Amino acid sequence: MKEAVIVVPYDGKWQTEFVGIAKQLREMIGDEALRIDHIGSTAVPGLDAKPVIDIQISVKSLEPTTYRSALEVAGYRHRADNPDLTKRYFRETEGMRRTHIHVREAGSWSEQFALLFRDFLRQSEKWRRVYAAEKHALAERYSAPHERDFYVDGKDPIIWKIMQEASRWSKDAGWRPPASDF
């Protein structure tokens with residue numbers, strides 16, 4: 001069953017929660033994970049967010065899914081119904097902390113997109129405010145659990161606007177992905 005979208009003020013505990021989960025994932029997956037990064041809104045200090053920890057695991061290749069068994073042993077369920085073919089998607093199982101795990105190929109466009117989006121928002125208070133305001137408006141507009149997909153799709157225009165700004169910033173700053181969180 002889908003849950004209603006709730007956007008809450010930034011919570012400094014999200015970083016600590018990420019670290020705990022990432023340590024466990026690093027132990028389970030080992031060197032197969034080339035990077036383990038905190039992504040999404042909970043990775044951006046000062047940004048209001050849904051209280052869901054998004055983690056990106058970068059691997060050499062999505063197939064074969066040799067990392068899958070380690071993630072499942074750690075309690076994460078593979079979501080084969082995910083339509084985004086640039087990643088493999090895993091979710092927490094019942095009783096676990098709400099977590100989305102995105103497994104992507106190292107160096108891929110989708111991996112870089114998530115890191116650039118995060119890093120740009122970390123340095124731009126203006127765009128954090130704009131993004132937070134849009135998320136709050138969408139969460140209010142699509143408050144029923146069955147409207148969750150409308151919230152997700154409704155963020156696309158602001159995400160692309162932010163990415164245009166992030167592209168300019170990345171050129172001026174000479175941005176490159178920082179060292180992995182784990």
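In this predicted model, R26 makes contact with D31, A33, L34, R35, I36 and F182, once its neighbours within four places in sequence are set aside. R26 belongs to helix α1, which runs over residues 13–29. With a relative accessibility of 22%, R26 counts as partly exposed, because the buried class ends under 20%. Between R26 and I57, which stand 31 residues apart in sequence, the C-alpha to C-alpha distance is 9.6 Å.

From its first C-alpha to its last, α1 reaches 24 Å with its 17 residues, close to the 24 Å expected at 1.5 Å a residue. W14, F18, I21, A22, L25 and I29 are the buried residues of α1. Viewed down the helix axis, these buried residues fall within an arc of 105°, so they line one face of α1. The other side of α1 carries K13, T16 and E27, which are exposed. Packed against the buried residues of α1 are β1, β2, α2, β3 (76–78) and β5. After α1 comes G30, with a positive phi near 65°. In general, most residues other than glycine have a negative phi.

Two of the strands that pack against the buried residues of α1 are β1 and β2, and the loop between β1 (35–39) and β2 contains S41. S41 has a relative accessible area of 13% and is therefore buried. Apart from neighbours within four places in sequence, the contacts of S41 are L47, D48, A49, Y131 and K135. Two of these residues, Y131 and K135, are themselves among the buried residues of α4.

Strand β2, residues 53–59, includes D54. D54 is likewise assigned to the buried class, because its relative accessible area is 15% and the limit for that class is under 20%. When its neighbours within four places in sequence are left aside, D54 is in contact with D37, H38, I39, G40, T42, H100 and H102. Q123, 69 residues from D54 along the chain, has its C-alpha atom 19 Å from that of D54. The peptide bond from E63 to P64 is cis, with omega near -5°. In general, most peptide bonds are trans.

The account now turns to α3. The end C-alpha atoms of α3 are 21 Å apart, in agreement with the 21 Å that its 15 residues should span at 1.5 Å a residue. This helix is mostly covered, with eleven of its 15 residues buried. The buried residues are S110, E111, F113, A114, L115, L116, F117, R118, D119, F120 and L121. They pack against β1, β2, β5, α4 and α6.

One of the elements in that packing is α4. With 17 residues, α4 should span 24 Å at 1.5 Å a residue, and the 24 Å between its end C-alpha atoms agrees with this. W127, R128, Y131, A132, K135, L138 and A139 are buried in α4. These residues lie on the same side of α4, because they cover an arc of only 135° around its axis. The cover over the buried residues of α4 includes α3, α5 and α6. Turned away from the buried side is a face of α4 that carries the exposed residues R129, E140 and R141.

Several of these elements also take part in the largest pocket, which holds about 1,500 Å³ of space. The pocket is lined by 41 residues, of which K87, H100, H102, V152 and K155 are the closest to its centre. H100 and H102 are also among the contacts of D54. Two or more lining residues come from each of β4 (87–92), β5 (99–105), α3 (109–123), α4 (125–141), α5 (148–154) and α6 (156–173). Of these elements, α3 supplies the largest share of the lining, six residues. By class, the lining comprises 15 nonpolar, eight polar and 18 charged residues.

Definitions and conventions. Residues are numbered from 1 along each chain as its sequence is written. This is a predicted model: local features need pLDDT of at least 70, side-chain atom pairs count only at pLDDT 80 or more; totals for chains, interfaces and linings use all residues. Side-chain values use heavy atoms; hydrogens and water are left out. On a 1 Å grid over the protein atoms alone, a cavity is a set of points where a 1.4 Å probe fits but cannot get out, and a pocket is an open set with protein on both sides within 12 Å along at least five of seven lines; lining residues have an atom within 4 Å of a point. Grid points are joined across faces, edges and corners, and a volume is the space filled by probe spheres set on the points. Helices (H or I, at least four residues) and strands (E, at least two) are DSSP runs, numbered from the N terminus. Ala, Val, Leu, Ile, Met, Phe, Trp, Tyr, Cys and Pro count as nonpolar, Asp, Glu, Lys and Arg as charged, and the others, Gly among them, as polar. The expected span of a helix is 1.5 Å times one less than its number of residues. Buried means under 20% relative accessible area, exposed over 50%, partly exposed in between (1.4 Å probe, protein chains only). The arc is that of the directions from the helix axis to the C-beta atoms. Contact means heavy atoms within 4.5 Å.
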